[in-house]
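Please load the model in a viewer and keep the selection panel at hand.

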Amino acid sequence: MTFSGWLQIALVLIAVLALAKPLGLYMARVFAGERTWLSPIVHPIETGFYRLAGLRADQEQGWLAYAFGVLAFSFAGFLAMFAILRLQGFLPFNPQGFGELAPDLAFNTAVSFVTNTNWQNYGGETTMSHFSQMAGLTVQNFLSAATGMAVAIAVTRAFMRSGATAVGNFWVDMTRATLYVLLPLAIVVAIGFVALGLPQSMDASFAATTLEGTQQTIAIGPVASQEAIKQLGTNGGGFFNTNAAHPFENPNAFANYLNIIAMLSISTALVYAFGQLVGNRRQGWALIAVTGVLLLVGTGAIYWAETSGNPLLHAVGVDPALGNMEGKEVRFGQAMTALYAAVTTGLSDGGVNAMHSSLTPLGGMVPMFLIQLGEVLPGGVGSGLYGMLVFAILAVFVAGLMVGRTPEFLGKKIEAREMKLAMLAILILPLVILGFTAVSMVAPFGLSAITTPGPHGLSEILYAYSSAAGNNGSAFGGLSGNTPWYNTTLAIAMLLGRFAYIVPVLAIAGSLAAKPRLPGSSGTFPTDRPLFVGLLIGIILIMGGLQFFPALALGPVVEHFAMLAGQSF
Amino acid sequence: MFNQIRPAIVMTILFTLLTGLAYPLAITGVGQLAFPAQANGSRLERDGVVVGSALIGQDFTEPGYFWARPSAAGDVPYNGAASSGSNYGATDARLVQRVAGTVASLGSSPVPADAATTSASGLDPDISPANARLQLARVAAARGVGLPVLETLLGQMTETPMLGIFGEPHVNVLALNLALDKMAPMAR
């Protein structure tokens, strides 16, 4: 670990914090339906969309109708994407002449992008036509993110309102999220990316004659436009097989900073917007502090593990000075690789700039654990905020139990119904992750996909289901996941992780919106102070993390001690 | 409930047209006009022939060139149309054997970590300065160039962190070899 490494980490995080307030205030205005400086251009498009869709912008929905809107829109997006992938061979912008995807792979991929997961059981440049990348993947990069933001805003409204039956209009929230936030930012970031070296072309590839006289085919395409929304929408589905480790997705240190800042800023700013909208900015900062503490600890742990290197390789003649370089790129170094790995898994981004499978055992355990914590650090755009609010509700409940008072959060009484729904949402992750992992570890069709023997094999499967259920999308790439069993069960894990979480969360929103907003009294537990920050960190670690400890002990922890003992498998 | 089917269909179509076609095509237009070199893959030409991309590594095996890192891309090293890492875990015996083999072939020990490990993309264009220095003697002998001259060239071609903070020290192998060919052409 070096001083300049930590300085880079600090500067990137400071840039994100600096953006949180202006971007958060802007989003608060957008979702309150107020005019912004983009309104003169965007408002006519927005109203045109409503007219064609037969919508009235001022007509609000109850939580159930809102949830149905989320499901209907996601299902329509799934159908469109599945059709595009299955008909790829007949569609335009296909200079490589790729044929259609197999049904199970198309199903997995369509679910993956609609749920904001972006798990990729295929190599982008060897599978997807430009049309599929643009009209399929890029579209869902926007819309799945906008859907998450809409749900988060609906939950936010539940805290703003008293005795209300409605939580907003899904179609309006989703449209505003796309037109006012995601699309303008994507245009700016995409142009920045082209300037930094990302290709943006309708050609498939170009041929080069290397200095030694051999032929090299170099794949290009509309990369920058996809990379921009991939990060802003915390999607993580790369244009190329190796994602943001590919020099065309992430060519240099500055592109790497922009990648990290782009993926962190909307989620962080949305937490600030929450504070602004509920009339308590300190609450926003308190939740951001929780995220910041856990992300910094995670980054530090990966950084330490990776610079310590792999003693098995040191024993056969590798100099430990550079740390573990297998599966890493020279231009990023250990600090920016560690920060990227922590951020992409603390968020539900899932893009990678190093191969997580080749991280050291503990260096790879941290990203997996960050996913298992429930993707709230600060989580996917939208999904992170509503996930964090579920944990906050649990935290005030635990605090209430300790002093024997009915728990309150931001003036709303938390009662049996909210607690049941919150636990339903929280328990879906361990159920899906550990359940499918257990089956895969004993069934031949599960075990056959493991390419690495020993404890790393368990890690590969555990990581896969954690990533799918957490809607993250990063992978231990050693797992050959493109089989009917994994394509199907990973898709089910993604669906449950997304929608079996969203529906209870919206039900909580409906229930809270109907309650009166009580003024705080001297007996109210303040939720915007360091004490609450500490409590919430504890709740996240215990409720989110502890269930996974036995599995982690058998995978990465065993592998770590095997590595130290000089054993390979 | 049924009144949400129309918006579901209409919004999917409208946003596909806007974000799936208009947006990427507009960015392509801007990119091609404002940054044509980057937008088309940062191609490098020599004598009118495209010899590669400034951002994508290529395979070097001749002793007179600096060698890039081992590559796990596709079926051949540095396959620019099929990026891939090895995805070997840290305790994978295949990893340890492969690295031991690479170290043995380099003929000295210990070697800088990047010289014996595959990159994440399989297309890493860079090597560490230590890795480049390790190869100086071999290249100098093969080219018949003095070591100090090569050291000077390497110093010029080493990219250091901007302001001492931003980025990692690295050497772009293709750029270094192009400069080498220009300075001391190999007899072919």
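How many residues of chain B are in contact with chain A? Selecting them gives 89 residues of chain B in contact with 98 residues of chain A, where contact requires C-beta atoms, placed from the backbone, to lie within 7 Å. This is a predicted model, in which local features need pLDDT of at least 70 and side-chain atom pairs count only at pLDDT 80 or more, while totals for chains, interfaces and linings use all residues. Residues are numbered from 1 along each chain as its sequence is written, and chains are lettered from A and ligands numbered from 1 in the order in which they are written.

**The side of chain B that touches chain A**

Select helix H1 (5-34) of chain B, which gives the largest share of this side, 20 residues. Helices (H or I, at least four residues) and strands (E, at least two) are DSSP runs, numbered from the N terminus. Other elements that give two or more residues include helix H3 (93-106), strand E3 and helix H8 of chain B. Coloured by class, this side has 46 nonpolar, 34 polar and 9 charged residues; Ala, Val, Leu, Ile, Met, Phe, Trp, Tyr, Cys and Pro count as nonpolar, Asp, Glu, Lys and Arg as charged, and the others, Gly among them, as polar.

**The sheet of chain B**

Next, display the open sheet of 3 strands in chain B, whose order is E3-E5-E4 with antiparallel pairing; two strands pair if DSSP finds at least two bridges between them. Its edge strands are E3 (126-127) and E4 (158-159) of chain B. Between E3(B) and E5(B) (residues 170-172) there are 2 bridges, and B:Asp126 faces B:Asn172 in E5(B).

**A hairpin in chain A**

Move to strands E1 (residues 205-209) and E2 (residues 215-219) of chain A, which run antiparallel and are joined by 5 bridges. A:Thr209 has A:Gln215 as its bridge partner. Within the turn of this hairpin, A:Gly213 has a positive phi of about 90°.

**Two packed helices of chain A**

Finally, select helices H15 (residues 416-442) and H18 (residues 484-514) of chain A, which pack at an angle of about 175° with their axes 8 Å apart. Axes are lines fitted to C-alpha atoms, for helices over the stretch in contact, and angles run from 0 to 180 degrees between N-to-C directions. H15(A) is therefore roughly antiparallel to H18(A), a description used for angles over 145 degrees. Among the residues that meet are A:Leu421 and A:Phe436 in H15(A), and A:Ala493 and A:Tyr501 in H18(A). The residues of this contact comprise 17 nonpolar, 3 polar and 2 charged.

Definitions and conventions:
Two residues are in contact if their C-beta atoms, placed from the backbone, lie within 7 Å. Angles under 35 degrees count as roughly parallel, over 145 as roughly antiparallel, 65 to 115 as roughly perpendicular and the rest as oblique.
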